[in-house]
Amino acid sequence: MTSITIAKNDKDLGIPLQYLNRHGFITGATGTGKTVTLKVIAEQLSKQGIPVFLADIKGDLASLSQAGDESKMKERLEKLGISDYTAQPFPVRLWDVYGELGHPVRGTISEMGPILLSRLFELSETQADVLQVLFKIADDKGYLLIDLKDLQALVTEVSNHLPDYTGEYGHITKQTLGAIQRHLLTIQEQGGDLFFGEPAIKLTDFIRQDETGKGYLNILMAQKLYQNPLLYATMLIWLLAQLFEELPEVGDLDKPKLVFFFDEAHLLFNDMPKSLVSQVEKVVRLIRSKGVGVYFVTQNPIDLPESILAQLGNRIQHALRAYTPKEQKAIKAAADSYRPNENFKVADVITELQVGEALISFLDETGTPSVVERAMIRPPESFLGTVDETQYKKLIESSPFDAQYKTPVDRESAYELLSKKIDAEREEEAKEKLQKELEKEEKIKEKAKKKKPKGAVEKIADSFTNQLIRSIGREMSRSVLGIFKRK
């Protein structure tokens, strides 16, 4: 059974290709060699024609595209007795949510769905329920939700016509809609407006080989994205969920179609609702039948939920430090997750490991976890370090995906449809207002018509009557005054 060799003690230690989709983890304290281990695994997978997806949060994984310096590895190669080492570059594709250091990665609001969006927006339970209702309204009314302005337009539409919607969809308040709107604006300011849009990423574009048959290493340039941990974590979960939804069932393959790495995996589960944890656990459990292996990179295995940890058959543990009772407890928990080796006590060795050294337990040829062993990780065949922006630019421009994803597309969706609806409503209001003005003017004219102008005879009669009244009035005044005088 073919394996990829990752480490060495008195023998080669590797993972059988057939069991790479049984998932795994790489754990250890900062500075103990997790990144180098990740690079070594990615290189070995690529050489077997297996594409990889991994996130680069420190800027030191793009160097996989450059050949290493064999002379610098000579001493270590001799020490480990490695004779099959070849310094070489690997095929790399760069991706970046912000479109600065790689091809833009975009997804739509509809694809992410209300559950992940609720976590991204940090909504309360009530607000999350209303967001579910908004998605239902969008489906019923044919409002396609692609980007943030689509969702903003839908929130405004429901808020402006609240009585029309509450009767059909239940109780919704303006306060809750306003809160959702504020969360939308926050995500927009954090760069979410660059992620939500089209053309959306086709995840099958990750599953490619170069002309020599090596699997492409798809690197998400996440140095900037990582500054917003919640957006970083939500996006990675979304990518994995999309792979699960889009890829067909293939059963057990001789080797996986893709291996997906979650770096800083503890961020994925920080404050994650139990309902979402169960969804992620389900995806991890079932995605193996889609030909995808999932590996978590974090400091300690206890960073991962038990339900997910139990599914990870291939394990690499670098050194952990224990200065406090809490850290000692964490080391014991990590040690207990391995099949024991009678030659050493795992909990003690975890604190003694040198940089580049690890405790390793892979699934053997029968699919059973092997006894944990202490070993040194192979040296990487690519360059150790960072590359400059010139190399980033070269990798981006030489990729066929540069033209495919570079320019955003803004097709008709909820925002445009609701804008037309608002324009039509305003036009109708203007027509109604004009009609009322016309009707008011018509009434004035009708009233004027009913009040006919007086003829010449009527005017003379009125004049004679007025003079007569004035004459009678004078006579009465004199008569009355005369009485007072006589007295």
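These legends describe close-up views of a predicted model.

**View 1. An open sheet of 12 strands.** The strand order is β2-β1-β12-β11-β10-β3-β9-β8-β4-β7-β5-β6, and the pairing is mixed. At the edges stand β2 (12-16) and β6 (103-104). Each has a single partner strand, so one side of each lacks a neighbour in the sheet.

**View 2. Strands β5 and β7 side by side.** Strand β5 covers residues 92-96, and strand β7 covers residues 217-221. The two pair in the parallel sense, over 4 bridges.

**View 3. A stacked pair, Phe53 and Phe260.** The whole structure holds 15 aromatic pairs. In this one, the ring centres lie 4.7 Å apart and the planes meet at 20°, so the pair counts as stacked. Phe53 belongs to strand β4 (residues 52-56) and Phe260 to strand β8 (residues 258-263). The pair links distant parts of the chain, 207 residues apart. Both Phe53 and Phe260 are buried.

**View 4. An edge-to-face pair, Phe195 and Trp238.** Here the rings are 5.4 Å centre to centre, with 85° between the planes. Phe195 lies in helix α7 (residues 174-195), Trp238 in helix α8 (residues 229-246). They are 43 residues apart in the chain. Phe195 is buried, with a relative accessible area of 2%. Trp238 is buried too, at 2%.

**View 5. One aromatic cluster.** Its members include Phe53, Trp95, Phe206, Phe260 and Tyr405.

**View 6. Lysines over rings.** The charged end of Lys224 sits over the ring of Tyr98, 4.6 Å from its centre. Lys290 lies over the face of Phe244, 4.4 Å from the ring centre.

How values were computed: Residues are numbered from 1 along each chain as its sequence is written. This is a predicted model: local features need pLDDT of at least 70, side-chain atom pairs count only at pLDDT 80 or more; totals for chains, interfaces and linings use all residues. Side-chain values use heavy atoms; hydrogens and water are left out. Two strands pair if DSSP finds at least two bridges between them. Rings of Phe, Tyr and Trp (its six-membered ring) pair if their centres lie within 6.5 Å; planes under 30 degrees apart count as stacked, over 60 as edge-to-face and the rest as tilted. Buried means under 20% relative accessible area, exposed over 50%, partly exposed in between (1.4 Å probe, protein chains only). A charge sits over a ring if NZ of Lys or CZ of Arg is within 6 Å of the ring centre and within 35 degrees of the ring normal.
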